[in-house]
Amino acid sequence: MGGITMRLTKYAHSCLRVEHDGGVLVIDPGMFSEPAVALDGADAVLITHEHPDHVDVEAVNQQLARRPFVIHAPAALADTLGDAAEMLRPVVPGESFTAAGVPVRAYGGRHAVIHPDIPVVANLGYLINETVYHPGDALFVPDDVQVDTLFAPIHAPWSKFSEVVDFIRAVSPRRVFALHDALLNDNGYAVLDRQYTALSGSEYQRLEPGSRIDG
């Protein structure tokens, strides 16, 4: 298990903020989240892939103008980030590194298939401090670590409910929190929260944006 104490803030959709010993690490500050709030004071940013619901380029550039930080992401993000590309540190699957004082390991490599006619882009899942896993837009299972806290993408154009349930079961975390849910309304939340609670095999919860938990 990880050896440092972290505080996690869950923002809307796929955005997380990790705070440790004064350092701030932000994951996927996308357009459906609260990127300006999440990025305030950031020391480093992790981006899983290039889609705008995972990286709001304008918000990233605005924050960089106030305070420089390193962006860890697939190399393909260089074409997406604009001026922010000069702060990109490319990451490859299997790589371990430290971001904002927090140990990180990258997994996967490819976004889930949306449709055969839509090109598949690079996607990395990030294991934070050997305990917290953010998979981005893929259901890649880390097979070399026991994940304690999983943020699972519960709804997406590329996902199928049964596959997400099987993903959660395969990861087998102590607890799982809903991720990637900005396209749902209250009806969808009610149905999916009930089903994931019943079938995931882990302690399941959907956090309201801005909720804070210990990592």
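Q: What percentage of the 215 residues in the protein chain is buried?
A: This is a predicted model, in which local features need pLDDT of at least 70 and side-chain atom pairs count only at pLDDT 80 or more, while totals for chains, interfaces and linings use all residues. Residues are numbered from 1 along each chain as its sequence is written, and side-chain values use heavy atoms, with hydrogens and water left out. Buried means under 20% relative accessible area, exposed means over 50%, and partly exposed lies in between (1.4 Å probe, protein chains only). Of the 215 residues in the protein chain, the buried share is 52%.

Q: What is the radius of gyration of the protein chain?
A: Helices (H or I, at least four residues) and strands (E, at least two) are DSSP runs numbered from the N terminus, and the protein chain has four helices and 14 strands. The globule rule gives 17 Å for 215 residues, and the chain lies close to this value, so it is as compact as a globular protein of that length. The radius is taken over C-alpha atoms, and the rule is 2.2 Å times the number of residues to the power 0.38. For the protein chain the radius of gyration is 16 Å.

Q: Which share of the contacts with a separation of 6 or more joins residues 24 or more positions apart?
A: A contact means heavy atoms within 4.5 Å. Among contacts in the protein chain with a separation of 6 or more, residues 24 or more positions apart account for 56%.

Q: What part of the accessible surface of the protein chain belongs to carbon and sulfur atoms?
A: Accessible areas come from the Shrake-Rupley method with a 1.4 Å probe, and for residues only the protein chains shown count as cover. The surface of the protein chain comes to about 9300 Å². The part of this surface belonging to carbon and sulfur atoms is 50%.

Q: How far apart are the mean positions of the positive and negative charges?
A: Lys and Arg count as positive and Asp and Glu as negative, with His and the chain ends not counted. Each charge is placed at NZ of Lys, CZ of Arg, CG of Asp or CD of Glu. For the 15 positive and 28 negative charges of the protein chain, the mean positions are separated by 6 Å.

Q: Which residue's backbone oxygen does the side chain of S202 reach?
A: S202 is found in the loop between α4 (186-199) and β13 (203-205), and S202 counts as buried because its relative accessibility is 12%. Residues touched by S202, not counting those up to four places away in sequence, include I168, S172 and V176. At 2.8 Å, the side chain of S202 reaches the backbone oxygen of P173.

Q: How is A182 classed by its relative accessibility?
A: A182 occupies the loop between β12 (175-179) and α4. Beyond its neighbours within four places in sequence, A182 is in contact with H13 and F32. Because its relative accessibility is 32%, A182 counts as partly exposed.

Q: Which residue's side chain makes a polar contact of 2.7 Å with the side chain of R175?
A: R175 is placed in strand β12 and counts as buried because its relative accessibility is 10%. Contacts of R175 beyond four places in sequence include D148, E203 and D214. A polar contact is a pair of N or O atoms within 3.5 Å; within protein, one must be able to donate a hydrogen and the other to accept it, and residues adjacent in sequence count only if both atoms are side-chain atoms. At 2.7 Å, the side-chain partner of R175 is T149.
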